[in-house]
Structure formats: C-alpha cells, structure tokens
Amino acid sequence: MEKFQAVLDWQLKHHSALGYGLVTLLTAGGERVFSAVVFQCPCTATWNLPYGLVFLLVPALVLFLLGYVLSARTWRLLTGCCCRAPRAHSRCCSGLRGVWVCVELTGSALLAPLTWVAVALLGGSFYECAASGSTAMALHLCPSPDSGCAAQLPLVPCRKAEPAEVQDLLLQLRAQSQVAGWVLIAAVIIFLLIFMSVFRCLSPVSFLQLKFWKIYLEEEQKILKGQATEHATELSKENVKCFFERSHPRQLNTPSIKEWQQISSLYTFNPNDPYYSLLHQFVNRKEDSGSIKSSEGVAMIPALGFVDSSGIANAFQL
C-alpha cells in the first residue's frame, strides 16, 4: 500500500510532464499506425500531392483543435462569457489579457500536431507521396524535360518507376523529408527553450515559491472537489427527501451565481495582494464590499498560466 501511495504521489507531482509525454507517445504511435496500415499512396500525378498533404496536415489540424478543446483554460475563458455584463464581457474577451491567453493556449495546443508532422517527416511516406506529385518538385528532380522522368516520378513511392535512375529519386525524397523533420524538431526545442526562459524570467515570484504555488493548487483542487461532492450529495439528498415527504428544505449555503463566476474567471496577478488562486482571493475579499478586491495593478503573467489550468473536473468531463 505504501508503494502504491508513493507511485500515486509521484504521478500527482509530475502529472503535467507525464501528460505531455503521453500525448507525444500516443501521437507518434498513431502516426506509425496510419503510415503502416491506412496510408496507401495512389501513385498518380493527379492524386499524389493532395493525398500526401491530407495525411500530413489534416491529422495535425485535428490534433491542434483537440488541444484547444481539452484545455481547461479554453473553457474558463469561454464559459458564460457571452452572457455576462458588458464590462465583464470586455474584460474576458478583449485586450492584452485575451491575447496572452490565446498565445498560451495556441502554444500548448501545438505540441501534438508538431509531433505528428515531425514523426511523419522522419518516416517519409507522406512527404514522398506528396512531393512525387508536385510539378515544382518534378522540375527540381528532373532537369531534362524530355527524359520521361517527370511522367515516371508519381510512380516512385510505389517502386514502379522505370528506369532505375528515376526510382533512385526515392532516396532523395526520403532524405529531404527526414532533414525537414529534424529541422522542425530542432526549431521547436529551441523555440520552447527561449520562451520558457523568457516566461520564467518574467515570473514575479521565486523558483521555490512557484513550487509551493503548484502544491497549493493541487491540494486546493482536491479539497474543493471533495467538498463540492459532499455538498452536492447533501443538497440532492435534501431535495429528494423534501420531494417525497412534501416538506420544506432546510437552508444550505450554496454559493450564488456571482460567487461561482468570481472564482471561475481567468487569474490575474496583483503584487499588492499576491493570492495563489481566485478562491484564495475570494475568501480574503473585503467584508464590506462582498466582492473580490480591487483589480488595480493586476497583470496577466505568462509564467503563472498554470493557475487557470486547474479545475474540479478534467477537460474530458467539461
């Protein structure tokens, strides 16, 4: 039991890294399955280019959109935004705040599609099919227009091209694809390193406080889920009991719509009142105003974007 608890604690501590790793492995595995089982290049001048590009780019587009759908920050931003008061609507949907959120969401959503494209380029099958049907690529690979090379090039992925010199062009296509794949991987790693360094440099708190912050959020969400489950169970039992007994329900202190909205919006950092979450900020509000403290001096800090990623339920349940 102690070993199981140790594994569970380790998983909770590194759940973000494990999640990204799992997404990467599943994407790479899915690409291998598509390449080996589903993909069959038609080897015709008409269909090679669109067929290869569809397999290379359309799954990447689907994975990119899923990255938005499965992000808790997306639904924090959108849920109820159109039905709020005009002032609240402008705060959640416009300005630098909205731009930062969109940039961070896009960066997170790009992980899976870039993995797909990189693995596909390293495999070479999709690129070979698409490039062999490209007129521009034919002009590049076949210097002599009268040699029949351009007409035979679409047959190269199926290894049916003649003469052998044309079939040997498959090696060039595969080399181009793999070089492009490695260049893409290197560019993504460099880009991530630069932006992570910049985001951490702009962090308003120290390294150890960020660690503490993440631990606090994990514990807060576990307790919030437990308390919410307990309260919802008690409320449902009371309503069912009153329905059958035809009695009046006893008063339960369920948060109001306004209170739920105040702890469900996007987090902004206030150096004067550095709270660790909107819930933390809410319970420390001024007693006389009954609302969250003044937002003067608040800022959207990219390094603190993880605060909005937490939620009672995961993205699959939203």
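This is a predicted model: local features need pLDDT of at least 70, side-chain atom pairs count only at pLDDT 80 or more; totals for chains, interfaces and linings use all residues.
Trainee: How much of the chain is buried?

Mentor: Of its 318 residues, 31% are buried. As for contacts between residues at least 6 apart in sequence, 69% join residues at least 24 apart.

Trainee: Let's turn to helix packing. How do I read the angle between α3 and α7?

Mentor: Angles are taken between N-to-C directions and run from 0 to 180 degrees, and those over 145 count as roughly antiparallel. The axes of α3 and α7 cross at roughly 160° and come within 7 Å. That angle makes α3 roughly antiparallel to α7. The crossing is right-handed.

Trainee: Which residues meet there?

Mentor: From α3 come F55, L56, P59, A60, L63 and F64, and they meet A112, P113, W116, V117, A120 and L121 of α7. By class, this contact has 12 nonpolar residues, no polar and no charged ones.

Trainee: And how does α7 pack with α12?

Mentor: Helix α7, residues 111-123, packs with α12 at an angle of about 150°, and their axes are 7 Å apart. That makes α7 roughly antiparallel to α12. Here α7 passes α12 in a left-handed crossing. On the α7 side the contact is made by L114, V117, A118, A120, L121, L122 and G123, and on the α12 side by R174, S177, Q178, A180, G181, W182, L184, I185 and V188. These residues divide into 11 nonpolar, four polar and one charged.

Trainee: What does the packing of α8 with α12 look like?

Mentor: Helix α8 (residues 125-132) and helix α12 (residues 169-201) pack at about 120°, with axes 9 Å apart. That makes α8 oblique to α12. The crossing of α8 past α12 is right-handed. Y127, E128, A131 and S132 of α8 make the contact with L170, L173, R174, Q176 and S177 of α12. Sorted by class, the contact has four nonpolar, three polar and two charged residues.

Trainee: Is α8 largely enclosed or open?

Mentor: Seven of its eight residues are buried, so α8 is largely enclosed by the rest of the structure. The buried ones are F126, Y127, E128, C129, A130, A131 and S132.

Trainee: Now the aromatic rings. How many aromatic pairs are there, and how is a pair classified?

Mentor: Two rings pair if their centres lie within 6.5 Å; planes under 30 degrees apart count as stacked, over 60 as edge-to-face, and the rest as tilted. By this rule there are 16 aromatic pairs. In one of them, Y51 and F55, the centres are 4.9 Å apart with 45° between the planes, which is a tilted pair.

Trainee: Where do Y51 and F55 lie?

Mentor: Both are in helix α3 (residues 48-69), four residues apart, which is about one turn of the helix. In general, an α-helix has 3.6 residues a turn, so residues three or four places apart point the same way. Y51 is partly exposed at 22% relative accessibility, whereas F55 is buried at 12%.

Trainee: What kind of pair do F212 and Y276 form?

Mentor: Their ring centres are 5.4 Å apart and the planes are at 70°, so the pair is edge-to-face. F212 lies in helix α13 (residues 207-245) and Y276 in the loop between α14 and α15, so the pair ties together parts that are 64 residues apart in sequence. F212 is partly exposed, at 45% relative accessible area, and Y276 is buried at 16%.

Note on methods:
Residues are numbered from 1 along each chain as its sequence is written. Side-chain values use heavy atoms; hydrogens and water are left out. Helices (H or I, at least four residues) and strands (E, at least two) are DSSP runs, numbered from the N terminus. Angles under 35 degrees count as roughly parallel, over 145 as roughly antiparallel, 65 to 115 as roughly perpendicular and the rest as oblique. A crossing is left-handed if the near helix is turned anticlockwise from the far one by less than a right angle, and right-handed if clockwise. Contact means heavy atoms within 4.5 Å. Ala, Val, Leu, Ile, Met, Phe, Trp, Tyr, Cys and Pro count as nonpolar, Asp, Glu, Lys and Arg as charged, and the others, Gly among them, as polar. Rings of Phe, Tyr and Trp (its six-membered ring) pair if their centres lie within 6.5 Å; planes under 30 degrees apart count as stacked, over 60 as edge-to-face and the rest as tilted. Buried means under 20% relative accessible area, exposed over 50%, partly exposed in between (1.4 Å probe, protein chains only).
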